[in-house]
Amino acid sequence: MTMRNQRLVRVESIERVASQIKRFHFAPIDDAALPCFSAGAHVIVTMRKGDAVYRNPYSLMSSPLDPRRYSISVLRVAESRGGSVHMHENVEVGEVLEISDPLNLFPIAHTARKHILIAGGIGITPFMAMLAQFRNDKSHFELHYAVRSPEDGAYFKALEAEGLPGVRLYRSDRGERIALNAILQNQRLGTHVYVCGPQRMIDWALETAKLEGWPDENVHSEHFSVPTPGNPFVVKLATSGKEIHVGEHQSILEALEQAGVDAPYLCRGGACGQCITRITNTEGGAVHHNDHYLTDEEKKEGDRIATCVSRMDGGCLTLDL
Amino acid sequence: MLVAGIKSRPVYRGLRPDLFAKQNIVVTDAAGCEAVLDMMKLADEGFPARTTILLCRTGGNGKDPQDVLNPLGFANIWSFPTVETATSRLNAALNTALMSTRLYATGSEPLIGSVIRTALEHGIAHNSVFTEHRGSLKRRVQCVHCKGLTEDVTTNPVKCAHCGLTLIVRDHYSRRYAAFQGVRIDAEAPGEIPETKAEFQ
């Protein structure tokens with residue numbers, strides 16, 4: 001059921017691009033070119049720390065027109081399970097990493113007449129690849145990029161120095177805000193808007209677009225969650241009868257994989273819905289949904305779970321696997 | 001004679017007012033007016049004032065569609081004799097429209113198809129147009145051999161108005177041409193033409 005081909009890449013260079021963000025360039029380990037990708041695509045990086053294996057999705061931010069390397073930007077999230085901290089502190093130039101082939105869940109709408117990109121913080125990464133594509137295609141676009149301060153925002157200073165037409169930068173330390181209502185109000189038919197950033201920014205942008213009368217088909221967003229830590233619990237598999245222990249810092253999917261169960265997944269960030277699995281029973285705990293795929297109603301119903309990011313808080317969960 | 005399960009066969013999900021849209025454009029023929037009436041039951045009080053109707057006076061049961069629509073208080077009702085003249089006006093309206101404009105199409109399939117095709121030319125996603133089929137089942141058919149379009153097809157098979165071949169009308173649909181595809185029915189056994197049936201009345 002694991003549908004994504006894995007490959008090895010060498011870390012070609014590492015550069016600090018903001019106070020908590022590092023950029024990693026990956027090059028192929030042999031002369032074979034890396035598979036081409038479209039702007040908006042991500043790869044999953046496998047990180048091994050002792051016995052623990054983390055697989056996190058990261059947007060490709062390098063130009064889709066350059067097949068020689070892939071680049072990702074990693075925000076160090078101190079309070080998370082350690083995937084990003086591991087990338088920041090342990091991964092060195094020359095090291096060989098395992099990554100998945102690229103997959104695009106956030107593609108450019110190629111029939112669009114105009115593209116409006118709304119980025120917050122680390123959400124700039126897929127848009128860096130889109131900018132390269134738009135500039136090559138001479139597409140009509142606007143980028144609105146909000147950061148806490150120039151030190152916190154990756155590529156902020158570079159974008160500022162470049163002064164590209166269509167790029168607007170916002171510093172919240174100076175009280176600057178993206179005037180999204182005004183931006184969305186005066187757009188001609190055929191415009192598409194893309195949002196990437198913290199969850200509350202995405203919620204705000206989607207709500208604003210709806211209130212401004214935009215159709216859903218023209219509004220795109222991407223946000224990868226990470227599995228949140230919580231009390232350990234037990235997963236029972238209805239078909240095979242297996243009982244699997246899910247640790248405090250583990251996702252259900254990771255525990256399944258550790259136990260040799262080939263469970264479905266694609267993005268590992270709660271965005272694509274591929275890992276959604278039917279729940280047949282829960283005991284002694286509540287399900288915590290952390291994905292962006294199921295609707296609020298579906299989450300309330302509680303008969304399905306995204307195994308990549310959602311979990312139980314103690315107790316026992318029986319899955320239809 | 002139709003092959004079931006062809007995926008390109010359009011599905012019309014029904015008219016529903018988008019209460020967040022700042023401007024609405026509704027294209028309807030006389031039969032579609034009933035669907036417009038039904039939609040208005042779900043609309044808020046201000047909806048008619050935000051709505052322009054492009055009325056195509058074809059189809060229907062003889063009742064003057066203008067009389068049906070007038071009492072609802074729409075901002076504009078523009079009336080046209082044919083689908084072509086109505087879509088030509090739609091094209092002009094969409095030239096200056098903003099993203100907060102929502103499009104609705106109801107009536108015969110050729111009317112809905114022409115509206116969707118016009119919408120696509122303006123960068124509107126086909127699935128953001130609200131559609132509801134009412135009235136005649138007549139189809140616009142493109143001959144896959146000579147590419148000629150035959151309008152108002154009610155029978156299957158049908159003679160291509162351009163090259164004269166006898167065509168089986170399939171559910172295979174082209175959004176870009178706004179037409180179902182017609183394929184020569186006696187290609188393998190020339191002259192063996194089954195009985196003509198009124199399948200699309």
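Helices here are DSSP runs of H or I with at least four residues, strands are runs of E with at least two, and both are numbered from the N terminus. This is a predicted model, in which local features need pLDDT of at least 70, side-chain atom pairs count only at pLDDT 80 or more, and totals for chains, interfaces and linings use all residues. Residues are numbered from 1 along each chain as its sequence is written, while chains are lettered from A and ligands numbered from 1 in the order in which they are written.

By class, the α3(B)–α4(B) contact has six nonpolar, four polar and no charged residues; Ala, Val, Leu, Ile, Met, Phe, Trp, Tyr, Cys and Pro count as nonpolar, Asp, Glu, Lys and Arg as charged, and the others, Gly among them, as polar. Helix α3 (residues 83-95) and helix α4 (residues 109-121) of chain B pack at about 25°, their axes 10 Å apart. The axes are lines fitted to C-alpha atoms, for helices over the stretch in contact, and angles run from 0 to 180 degrees between N-to-C directions. That makes α3(B) roughly parallel to α4(B), a label for angles under 35 degrees.

Zooming out, chain B splits into domain 1 (23-133) and domain 2 (139-184), with bounds from an automatic or database domain assignment. The C-alpha centres of these two domains of chain B are 26 Å apart. Their contact takes eight residues from domain 1 of chain B and six residues from domain 2 of chain B. On the domain 1 side, three of these residues are nonpolar, three polar and two charged.

Between the chains, 18 residues of chain A touch 16 residues of chain B.

Chain A itself has domain 1 (6-104), domain 2 (114-222) and domain 3 (233-319). Chain A also holds an open, mixed sheet of five strands, ordered β14-β13-β19-β15-β17. Strands β14 (243-246) and β17 (304-306) of chain A sit at the edges with a single partner strand each, so one side of each has no neighbour in the sheet. Strand β15 (residues 276-283) of chain A pairs with β17(A) in the antiparallel sense over three bridges; pairing requires that DSSP finds at least two bridges. Here A:T277 has A:I305 in β17(A) as its bridge partner.

Methods
Angles under 35 degrees count as roughly parallel, over 145 as roughly antiparallel, 65 to 115 as roughly perpendicular and the rest as oblique. Two residues are in contact if their C-beta atoms, placed from the backbone, lie within 7 Å.
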